[in-house]
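Subject: The structure we talked about

Hi,

Here is the structure for you to look through. Open it first, then read on for what turned up in it.

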Amino acid sequence: MIRIAVLVSGRGSNLQAIIDSIENKYLHAQISVVISDIGDAYALERARKHGINAVHIDPGKFASKASYEAEVLKTLNSHNVQLVLLAGYMKILGKTLLTAYKDRILNIHPALLPAFPGLHAQEQAFKHGVKVAGCTVHFVDEELDGGPIILQKCVEVKEDDTAQTLADRILEQEHKIYPEAIKLFAENKLRIEGRKVKIIK
Ligand code: GRF
């Protein structure tokens, strides 16, 4: 069974969707540890409610990004983590983690990349006046929200949408495609070929 770590910073609804997919046996995986850079992130509480190790590693206690990530890496190694999932983790990854977990880190982003990378993607898309929005699961590399795309899902933008109602509709789809992408990874069905990710049937 693949051993997963989930890195979080906030409410953890994607973490919850992953936990649920494991508990209802859709995903054959084990969350070995949840790591947050924020001490009172609700995601930590969600993990603990399900008996999952939940660790706060405070970046403020480290002199550099490299030394902070070295500590995160130590925690990942001590749990023999094979796959790292970013789920609302608000820090940009540095070399230490990117190198140690090359092609083994996934992220969920609430826009149809490469449109609207970065923060508040749903609001950016809404303000831009797009007619379809959506979400993306991708491999993480050194470019912000820029790694090879695994899965995407579209949602329609409705006339009476607000940025919030649109974000809510996107979130529902996030909770579906993230577990789907993790399952594909866990079953060794993903092949990175340059910018493309081939999905093996
Ligand atoms: C999600 O919209 C995700 O796409 C983005 O950050 C948000 C995290 O939400 N990367 P949650 O903490 O999973 O509820």
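Predicted model: local features only at pLDDT ≥ 70, side-chain atom pairs only at ≥ 80, totals over all residues.

Domain 1 brings 18 residues to the contact, and domain 2 brings 16.

How much area is buried between them? For domain 1 and domain 2 the buried area is about 1500 Å², and carbon and sulfur atoms give 74% of that. Have a look at Asn14, Tyr26 and Leu98: these three supply 33% of the area that domain 1 buries against domain 2, more than any other three residues. As for polar contacts, four residue pairs make them between the two domains, counting pairs with both residues at pLDDT 80 or more.

Which elements of domain 1 give two or more residues to the side touching domain 2? They are strand E1 (2–8), helix H1 (13–23) and strand E4 (83–86). H1 gives the most, with five residues. Sorted by class, that side of domain 1 has 14 nonpolar residues, three polar ones and one charged one.

Most residues other than glycine have a negative phi, and most peptide bonds are trans. Lys25 has a positive phi, near 70°, and you'll find Lys25 in the loop between H1 and strand E2 (29–36). Then there is the peptide bond joining Leu113 and Pro114, which is cis, with omega about 15°. Pro114 is in the loop between strand E5 (105–109) and helix H5 (121–128).

Last stop: a hairpin. Strand E8 (residues 190–193) pairs with strand E9 (residues 196–199) in the antiparallel sense, over four bridges. Within that pairing, Ile192 sits opposite Val197 in E9. Two residues lie between E8 and E9, and Gly194 in the turn has a positive phi of about 65°.

Cheers

Methods:
Residues numbered from 1 in each chain as written. Heavy atoms only, no water. Pairing = 2+ DSSP bridges. Contact = heavy atoms within 4.5 Å. Buried area = accessible area lost by both parts, 1.4 Å probe. Polar contact = N/O pair within 3.5 Å; in protein donor to acceptor, adjacent residues only side chain to side chain. Nonpolar A, V, L, I, M, F, W, Y, C, P; charged D, E, K, R; others polar.
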